[in-house]
Amino acid sequence: MSDDEALAYARQCFPDGNYCLVRDWRWLDLEVTESLRLQLAQTRRQPALIYAHTAIYDSERRWDVGDFVRTSLLYQHEGFHFRTLNTAYLLLGPGTRIRVSADAVASIF
């Protein structure tokens, strides 16, 4: 899907905004304790986030084109939609999924 096609798709699916198109992404599954996993489940979140090297378009204008993006924790995933509590991230093109420690991610950001 081209960037223009993805933007048209996002505008149709999310007419009220709150979406971000990204490429060159990494899905980070966080290694967390069972206690933290249960705490996250109470707010319907999961220990995963996206780090993308390239923002294509952000409807809320938080990032400029070409900026890197780090999401908050996963709320829901369907197809190439990675949803947090506030935003739908459209994962365009190939990416990778890796398991990392939560401490490692916290030390980077």
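A: Helices (H or I, at least four residues) and strands (E, at least two) are DSSP runs, numbered from the N terminus. By that definition, the protein chain has 3 helices and 7 strands, and along the sequence they follow the pattern α-β-α-β-β-β-β-β-β-α. The model is a predicted one, in which local features need pLDDT of at least 70, side-chain atom pairs count only at pLDDT 80 or more, and totals for chains, interfaces and linings use all residues. Residues are numbered from 1 along each chain as its sequence is written, and side-chain values use heavy atoms, with hydrogens and water left out.

Q: What makes Arg61 buried or exposed?
A: Buried means under 20% relative accessible area, exposed over 50%, and partly exposed in between, with a 1.4 Å probe and protein chains only. Arg61 has a relative accessible area of 65%, and therefore counts as exposed. Arg61 belongs to the loop between β2 and β3 (69-70), and its C-alpha atom is separated by 9.9 Å from that of Tyr19, although the two are 42 residues apart along the chain. Of the 109 residues of the protein chain, 38% count as buried.

Q: How do you know which class Arg44 belongs to, at 57% relative accessibility?
A: The value for Arg44 is 57%, so this residue counts as exposed. Arg44 is found in the loop between α2 and β2, and it has a positive phi of about 60 degrees although it is not a glycine.

Q: Which class does Arg45 fall into, at 27% relative accessibility?
A: Arg45 counts as partly exposed, because its relative accessibility is 27%. Its place is also given as the loop between α2 (34-42) and β2.

Q: What does Arg45 touch, leaving aside its neighbours within four places in sequence?
A: Contact means heavy atoms within 4.5 Å. With those neighbours left aside, Arg45 is in contact with Leu40, Leu73, Leu74 and Leu85. Arg45 and Leu73 are 28 residues apart in sequence, and their C-alpha atoms are 6.3 Å apart in space.

Q: Which class does Arg11 belong to, at 47% relative accessibility?
A: Arg11 has a relative accessibility of 47%, and so it counts as partly exposed. Arg11 lies in helix α1 (residues 3-13), and it touches Tyr19 and Tyr57, not counting residues up to four places away in sequence. Arg11 and Ser59 are 48 residues apart in sequence, while their C-alpha atoms are 9.0 Å apart in space.

Q: What makes a group of residues a nonpolar core, and how many residues has the largest one here?
A: A nonpolar core is a set of buried Ala, Val, Leu, Ile, Met, Phe, Trp, Tyr and Cys residues joined through side-chain atoms within 4.5 Å. The largest such core has 13 residues, and those with the most contacts inside it are Val22, Trp25, Trp27, Ile50, Val69, Phe82 and Leu91. At least two residues of this core come from each of β1 (19-31), β2 (48-58) and β6 (88-91). Apart from it lies another core, of 11 residues, among them Ala6, Ala10, Ile56 and Tyr57. In soluble globular proteins, nonpolar side chains tend to be buried together.
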